[in-house]
Amino acid sequence: MKITNGTIWRDTDGNVLHAHGGYIIKHGGVYYWYGENRLENFYVDCYCSEDLVNWTFRNHVLTADSRTENSRVRADLRLRNEEGGKVNIERPKVLYDRKAGRFVMWMHYENGKDYHCAAAAVATCDTPDGDFVYHGSFNPYGEMSRDCTLFEDGNRAYFLSASRDNADMHMYLLQEDLMNVERLAASFWQGEYREAPALVKKDDFYYIFSSFCTGWAPNQGKYARTDCLEKGFGLQKEIGDETTYRSQPAFILKVEGSETTSYIYVGDRWDGKDYHNSRYVWFPLEFGEDGQVRLIECGELEIDAQTGKIGY
Ligand code: DGJ
């Protein structure tokens, strides 16, 4: 089964698939894809799939009318701004808290009018695709927090986000229940203005991919690796061409199958003029022994979720 990059993708009902700036987790043998949908009163949609090719719409898991509830973190619970308009919810990522049996979503929050809030927000749900309860937005330790991602490492997880007007990248260790940051674990790329962070671990190394900050326009992607997450990431190398094949990272999908494990770069090909015309590209990542990573541009990607094999 294969996907065709850069085309409009449809769910199994034939509707356009909206999961921009998203994230995929696997739970109970099923993949769940979360991402932005800015239509109507929607913020985050969820789709599920067993083969990574056919996606079934599950729910508008976070909307402007979602239930709100205080958590122990003092936060702004508003899902609409003072004028009643929608806020901006960007780059939603979800992890499962095994102890609590709960799904926890982290995302980037703005007030829908400008980009000055630069806040992180949290929502939870007992099921992967139910109605998430919104616990509000806040600035971790008073810091700005824009493009973000989550990364699970063993039994702990990290939240990464672009800070100081995108100048620096921050990485926070999350508390065990994923509901708050525990400490700023690392701060790196001082003044390098990277956004759209996406992480993956392969063998003994952690790899991070990111873009430069040029709004919706694509730019040169870069990557870096480290053998210890809390050391942060150092020098970056370029990946793909000067526009990362017209894409910006959303996340890295690790497909662990019966025969092999494959790594897929999932990128957004944004349409800055017509957001909902934005597309997805899924490109294979090849890791060399020497630490080099290659992003392979392809029109079609064949995926066998059972064996883990991909082909292009
Ligand atoms: C680039 C970011 O990566 C996107 O998530 C979005 O915030 C756009 N900028 C908005 O211009």
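User: How much space lies in the largest pocket?

Analyst: The structure is a predicted model. In this model, the space in the largest pocket comes to about 760 Å³.

User: Which residues are the closest to the centre of that pocket?

Analyst: The lining of the largest pocket consists of 24 residues. Strands E2 (20-27), E6 (88-97), E10 (148-153), E14 (194-202) and E18 (248-256) each give two or more residues to this lining. The closest to the centre are Tyr23, Ile24, Glu152, Lys254 and Glu256.

User: How many residues of the lining are charged?

Analyst: By residue class, the lining of the largest pocket holds 14 nonpolar and three polar residues. The charged residues of the lining number seven.

User: Which residue in the hairpin of E2 and E3 takes a positive phi near 60 degrees?

Analyst: The hairpin has two residues between its strands. The residue with the positive phi near 60 degrees is glycine 28.

User: What is the distance from a polar side-chain atom of glutamate 90 to an oxygen atom of the ligand?

Analyst: The residues around the ligand are Glu90, Arg91, Tyr115, Asp147, Glu195, Gly215, Trp216 and Gln248. For arginine 91, a side-chain N or O atom is 2.9 Å from a ligand oxygen atom, and for glycine 215 a polar backbone atom is 3.3 Å from a ligand nitrogen atom. For glutamate 90, the distance from the polar side-chain atom to a ligand oxygen atom is 2.5 Å.

User: Is aspartate 147 buried or exposed?

Analyst: Aspartate 147 is found in the loop between strand E9 (133-138) and E10. Its side chain reaches the backbone nitrogen of alanine 196 at 3.0 Å. The relative accessible area of aspartate 147 is 6%, and the cut-off for burial is under 20%. Aspartate 147 is therefore buried.

User: Does aspartate 13 count as buried or exposed?

Analyst: Aspartate 13 lies in the loop between strand E1 (2-4) and E2. Its relative accessibility is 57%, and a residue counts as exposed over 50%. Aspartate 13 therefore counts as exposed.

User: What distance separates the C-alpha atoms of aspartate 13 and aspartate 65?

Analyst: Along the chain, aspartate 13 and aspartate 65 are 52 residues apart. Their C-alpha atoms are separated by 24 Å.

Methods: Residues are numbered from 1 along each chain as its sequence is written. This is a predicted model: local features need pLDDT of at least 70, side-chain atom pairs count only at pLDDT 80 or more; totals for chains, interfaces and linings use all residues. Side-chain values use heavy atoms; hydrogens and water are left out. On a 1 Å grid over the protein atoms alone, a cavity is a set of points where a 1.4 Å probe fits but cannot get out, and a pocket is an open set with protein on both sides within 12 Å along at least five of seven lines; lining residues have an atom within 4 Å of a point. Grid points are joined across faces, edges and corners, and a volume is the space filled by probe spheres set on the points. Helices (H or I, at least four residues) and strands (E, at least two) are DSSP runs, numbered from the N terminus. Ala, Val, Leu, Ile, Met, Phe, Trp, Tyr, Cys and Pro count as nonpolar, Asp, Glu, Lys and Arg as charged, and the others, Gly among them, as polar. Two strands pair if DSSP finds at least two bridges between them. A residue is near a molecule or strand if one of its heavy atoms lies within 4 Å of it. A polar contact is a pair of N or O atoms within 3.5 Å; within protein, one must be able to donate a hydrogen and the other to accept it, and residues adjacent in sequence count only if both atoms are side-chain atoms. Buried means under 20% relative accessible area, exposed over 50%, partly exposed in between (1.4 Å probe, protein chains only).
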